[in-house]
Structures are given as structure tokens and as C-alpha cells.
Amino acid sequence: MTSECRYLRWVLSLFAIVLIETLLIGCGSVETSNTWPSVSIIFDTDMGTDVDDAGALAILHVMADRGEAKILATMSANRNRWSAPAIDVINTYYGRPDLPIGSSKTGPDPEEWYRHSAPDYPHDLTNGDDAPDAVALYRKILAAQPDQSVTVVVVGWLTNMADLLRSRPDRYSPLTGGELVRAKVKELVSMGGKWPNSPREEGEYNFTMDGPAAYQVIRDWPGKIMFTGLGKDVMTGARLTAQGLKDNPVSAFYRNFFEGNNVSARSSWDLIAVVYAVRGLSDYFTEVSSGQCAAKEDGSNEWIPGFPSNHAYLVYKMPPEELAAVIEDLLLAPPCR
Ligand SMILES: [Ca+2]
């Protein structure tokens, strides 16, 4: 090889390195220096009744881009035909158009407003009725995972979890639903309840929408549940709607929600649940684990202090406004497609 050739090879190698680093910085990978181990996540949502579900799925994708999480599947507990397509819109925008999507066939079907924005963005699942049954998909995916490796984060009502617990052995696994959960699920993160107590007349939405499901899951879940009722005073979405990229459907979802409700930011209940599911307590939260949750079928919940159990609930460590800045930065990160 001549010295000219060697020089040309050196220049091309240098160019390739600079190009790769530029691409990585563009999708935010370099800044992470990733101190969190990767968590295998199934995301379960009632997408469509509030906008924080869209934000929660968006930041989950961003953290997956950075190597903090691996998304195994996205599930809708909302039977509305627009819910699963809205999930597909977000998965597609973040470069995961073929991520499995399951949909409840038994859950509530409230009016859905994402239909106003979803058709404007690329996706190929156009009707939630065509999505596979969520419970069958849960069983298929869980059966294929290593033991005690999966975190399920539920940011809607607990319908799919109750149906999963009741499920019978099938072609995917000889285990019952309860046995499969016990074997494969490391932690259930549930955005639900008000803590420490929520009387019937103040019942939190995700529990009251399917009270019997909340009651059953809280009573029978054979592993750890972290309840994350936090987020009301963590206001996000303002920077996203002002600075978000034009082709970002999540910006559009937030913009439509803000215009429809005459607000300029939204509470971050579901986003907090995802941040905890991926990053754990970190510098953000502490937990109350001495005691146990009791729930009723009307959707109310009560924390009974006592010995540590498989239940815990989250408490702020970082001030809400600082947490909001962390989350808004994630919302603004471009996809790493
Ligand atoms: Ca939700």
C-alpha cells in the first residue's frame, strides 16, 4: 500500500468516526454516559383520555434510545379503536414501527380525542380492534423472557393486569397467569391511587375506572408493586409545544390538548411512573415501604402502616420543578432513528 493510500484510509476513518459521533449527539446518546442498567419494559396505557400517556411513551422511547431501557411491547387497556393507533403513531415516530401492540378486549371504552391528531402522522395500525388481545400478547412475551427480568409499567387502569392474573395455561406457557407473573415480572409499577389514602369520594381515576380490577390486582399480585400517584405538580409540555419538531406527533397531541383545555402545561403523572420504572428511585424519589395497600372495588385505597410488604408508594426527593425540567428535556430529545 502506498503512503498516499494509507493517508487516504486514515482520513476516511477519521471522517467516519466524526460522522458517527455527530449522529449519536443528534439523538442524545452521548450525553447519557448511561449510569442506569437497561430495564426490560412492557408499557400499558389508557392512551386517549389524557395527554400524559403520550408524553410517557415518548420519554420511554428516548430512554430506550439511550440504552436505559428495552421496550418489549406496548399495550392498551383502553378498548377505544383510536387508542392502539395512537400508540402506533408514537412508536413509528421514534423508529420502532413494529413494536408489538396489544389491546384489551374487555376494558372500558371512553371517548378518545387523539383521533384529532393521529391520522396526520405515519402509522399502519388504523383500528384498535385489529390489534392482538393484550392478555395473549402478555403471555407470549413474558414466557420468552428470563425469570424476574420484566418491569410492567401501567399508566392507566389495571384491566390487563387483572385479566392476565386470571389467564389459564395456553400455547405460550403451561403456567397460570399468576404463576407466569411470579416467574417473569420483577416489578409492577402502577400509576394509580392517592397516597397514603384515597376515600371513595376522592377515588383516583385509574383505580375508579376499573375498580374490580384494581381491587383484584392489589390483593392478588404475587410480586412487588410500586404505586406512583405523584405528578400533579410536575408541569410539563410547555417547552415541547413551543420547540418540538414539526413532524413530532407528541407535540401535536399536547398542542391539541392544551388548546382544548385552555392550559399551557400538564401534570406528569404517567411520565413520573415511566421515569421510576426505568431509573428507579435515583436522585428523584424515595419510597414508603413499611405497610401495605388495601383497596376496595369502588376504587378507593388505603395505606395500612406496618411491616414491609410487596407494596410501596413513591415520594418526591427532587423538587417537582426540577423533576419537570428533567422530564421536559427528555420530551424534547429527537428520536434516534
Ligand atoms: Ca394514563
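**Notebook: helix packing and selected loops**

I call a crossing left-handed if the near helix is turned anticlockwise from the far one by less than a right angle, and right-handed if clockwise. The model is predicted, so I kept in mind that local features need pLDDT of at least 70 and side-chain atom pairs count only at pLDDT 80 or more, while totals for chains, interfaces and linings use all residues. Residues are numbered from 1 along each chain as its sequence is written, and side-chain values use heavy atoms, with hydrogens and water left out.

**Entry: H2 and H11**

I recorded the contact as made by Asp52, Asp53, Gly55, Ala56, Ile59, Leu60 and Met63 of H2 with Trp269, Asp270, Leu271, Val274, Val275, Val278 and Arg279 of H11. Contact here means heavy atoms within 4.5 Å. By class I have 9 nonpolar, 1 polar and 4 charged residues in the contact of H2 with H11. The classes take Ala, Val, Leu, Ile, Met, Phe, Trp, Tyr, Cys and Pro as nonpolar, Asp, Glu, Lys and Arg as charged, and the others, Gly among them, as polar.

For the geometry, I noted that H2 (residues 52–65) and H11 pack at an angle of about 25°, with axes 7 Å apart. H2 is therefore roughly parallel to H11. The cut-offs are under 35 degrees for roughly parallel, over 145 for roughly antiparallel and 65 to 115 for roughly perpendicular, with the rest oblique. Axes are lines fitted to C-alpha atoms, for helices over the stretch in contact, and angles run from 0 to 180 degrees between N-to-C directions. Helices (H or I, at least four residues) and strands (E, at least two) are DSSP runs, numbered from the N terminus.

**Entry: H2 and H3**

I then took H2 against H3, where the angle is about 30° and the axes lie 10 Å apart. This pair is also roughly parallel. H2 passes H3 in a right-handed crossing. From H2, the contact uses Ala54, Leu57, Ala58 and His61; from H3, Ile87, Ile90 and Asn91.

**Entry: H4**

I checked burial in H4 and found 7 of its 10 residues buried, so H4 is largely enclosed by the rest of the structure. Buried means under 20% relative accessible area, exposed over 50%, and partly exposed in between (1.4 Å probe, protein chains only). The buried residues of H4 are Ala134, Val135, Leu137, Tyr138, Arg139, Ile141 and Leu142.

**Entry: Arg81**

I located Arg81 in the loop between strand E2 (69–76) and helix H3 (83–93). Arg81 is partly exposed, at a relative accessible area of 36%. Leaving out residues up to four places away in sequence, Arg81 touches Thr126, Asn127 and Gly128. Its side chain reaches the backbone oxygen of Thr126 at 3.2 Å. I also noted 8.7 Å between the C-alpha atoms of Arg81 and Asp130, which are 49 residues apart along the chain.

**Entry: backbone geometry in loops**

Gln148 is not a glycine, yet I read a positive phi of about 55° for Gln148. Gln148 sits in the loop between helix H4 (134–143) and strand E4 (150–154), and is partly exposed at 42% relative accessible area.

Ser282, also not a glycine, has a positive phi of about 45°. I placed Ser282 in the loop between helix H11 (269–279) and strand E10 (285–295).

Last, I noted a cis peptide bond joining Trp195 and Pro196, with omega about 10°.

Key. A polar contact is a pair of N or O atoms within 3.5 Å; within protein, one must be able to donate a hydrogen and the other to accept it, and residues adjacent in sequence count only if both atoms are side-chain atoms.
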